[in-house]
Amino acid sequence: MKQDFNEISLQNEDIEIMLLLEAIFIKYGYDFRGYSQAHIKRRILRRKELLGLSSVLEMISRVLDDRSFFDTLMMDFSINVTEMFRDPGFYKQFRSEVVPILRTYPYLRIWHAGCSSGEEVYSMAILLKEENLYEKAQIYATDFNEDVLENAKEGILSIDALKEYTYNYQLSGGLSSFSDYYIAKYDSAIIEPSLKKKIIFADHNLVTDGVFGEMHVVLCRNVMIYFGKALQSKVTGLFYDSLCNGGFLCLGTKESLKFTEYEKYFECFSEEYKIYRKKFKA
Ligand SMILES: C[S@@+](CC[C@H](N)C(=O)[O-])C[C@H]1O[C@@H](n2cnc3c(N)ncnc32)[C@H](O)[C@@H]1O
């Protein structure tokens with residue numbers, strides 16, 4: 001008896017998910033095929049349930065006919081959770097160990113890849129300002145989600161989160177008062193405008209777009225955790241090519257270069273906070 005191709009390992013639902021991702025790529029150019037299967041499956045099935053649909057197949061015709069449904073899936077897949085001074089220990093370490101090295105450079109080029117609504121890049125701007133490095137820095141902040149990028153440009157912080165951000169800032173070794181860096185309005189706070197001066201926000205997709213040249217620091221924190229192994233490797237290659245010799249790559253605390261093909265090209269600068277340094281060529 002002839003067996004179905006892949007009958008043993010793939011359920012129909014998994015095949016439908018692959019077809020949905022293929023349809024999204026062909027129609028809209030966004031490529032989620034290399035993302036972690038577990039992550040994408042979880043998000044798709046949750047959306048299917050919320051809509052009361054009986055199969056993933058129904059989502060394919062819907063996404064092809066309706067741009068706004070694609071936008072919903074885009075939000076589902078991209079996970080935009082972020083905060084000011086996220087993992088305060090990382091900023092503390094960056095300030096004490098990386099900043100003295102950055103001080104020796106005549107100018108600084110820094111890339112925040114997957115910056116979400118901007119909290120990470122504004123945290124770095126504050127740190128650089130306090131260390132008198134801001135004026136010689138050019139910071140690029142990119143994300144593939146245009147909606148969060150718009151929020152990032154506006155620099156609006158949630159009032160509800162200010163207490164937590166203030167605490168994070170203090171733990172991160174902040175030298176001033178966090179309230180110096182925002183202007184509070186009724187139900188929101190806006191980042192102090194001078195912090196935006198050296199930041200260029202841009203739409204950039206890590207899966208399909210190219211390198212940013214001669215970076216001294218690349219931060220890509222809590223982004224590759226949603227990628228499959230092959231895509232993680234491809235994107236790490238993009239960062240390797242974007243960094244100058246001795247440049248720093250900063251990942252999220254749950255991410256690592258350990259056991260990857262790029263491990264040998266980087267020195268592990270901080271195991272705890274996942275700071276890597278591109279080796280100088282011999
Ligand atoms: C969890 S947030 C992390 C934000 C910030 N780096 C932090 O650690 O707080 C992940 C961000 O990565 C972005 N992202 C996911 N896939 C991407 C891709 N292929 N290209 C660019 N950005 C991507 C998402 O839109 C989202 O804003």
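The model is predicted: local features need pLDDT of at least 70, side-chain atom pairs count only at pLDDT 80 or more, and totals for chains, interfaces and linings use all residues. Residues are numbered from 1 along each chain as its sequence is written. The protein chain holds nine helices and 10 strands; helices (H or I, at least four residues) and strands (E, at least two) are DSSP runs, numbered from the N terminus.

**Overall shape**

- The C-alpha trace spans about 70 × 55 × 25 Å along its principal axes.
- Of the 282 residues, 32% are buried. A residue is buried if 20 or more other C-beta atoms lie within 10 Å of its own, exposed if 12 or fewer, and partly exposed in between, with C-beta atoms placed from the backbone.
- Of the contacts between residues at least 6 apart in sequence, 75% join residues at least 24 apart. Two residues are in contact if their C-beta atoms, placed from the backbone, lie within 7 Å.

**Domains**

- The domain assignment gives domain 1 (12–78) and domain 2 (88–278); such bounds come from an automatic or database domain assignment.
- The centres of domain 1 and domain 2, taken over C-alpha atoms, are 29 Å apart.
- Eight residues from domain 1 and eight residues from domain 2 form the contact.
- On the side of domain 1 that touches domain 2, helix 2 (37–51) and helix 4 (67–78) each supply at least two residues.
- That side of domain 1 has two nonpolar, five polar and one charged residue. Ala, Val, Leu, Ile, Met, Phe, Trp, Tyr, Cys and Pro count as nonpolar, Asp, Glu, Lys and Arg as charged, and the others, Gly among them, as polar.

**Nonpolar cores**

- The largest nonpolar core has 51 residues, of which V121, A125, I139, V218, C220 and L249 touch the most other members. A core is a set of buried Ala, Val, Leu, Ile, Met, Phe, Trp, Tyr and Cys residues joined through C-beta atoms within 7 Å.
- Apart from neighbours within four places in sequence, A125 contacts Y134, I139, L195 and I199.
- A second, separate core has nine residues, including I17, I24, I44 and M59.

**Ligand shell**

- The ligand is surrounded by 21 residues, the closest being S78, T82, G114, S116 and L206. A residue belongs here if its C-beta atom, placed from the backbone, lies within 6 Å.
- The shell comprises eight nonpolar, nine polar and four charged residues.

**Single residues**

- K27 lies in helix 1 (residues 12–28) and is partly exposed, because 14 other C-beta atoms are within 10 Å.
- S61 lies in helix 3 (residues 56–65) and counts as exposed, with 11 C-beta neighbours inside 10 Å.
- The C-alpha atoms of S61 and S176 are separated by 54 Å.
- D87, in the loop between helix 4 and helix 5 (88–102), has a positive phi near 55° although not a glycine. D87 counts as partly exposed, with 19 C-beta neighbours inside 10 Å.
- N132, in the loop between helix 6 and strand 2 (137–143), is another non-glycine residue with a positive phi, about 55°. N132 counts as exposed, with 10 C-beta neighbours inside 10 Å.
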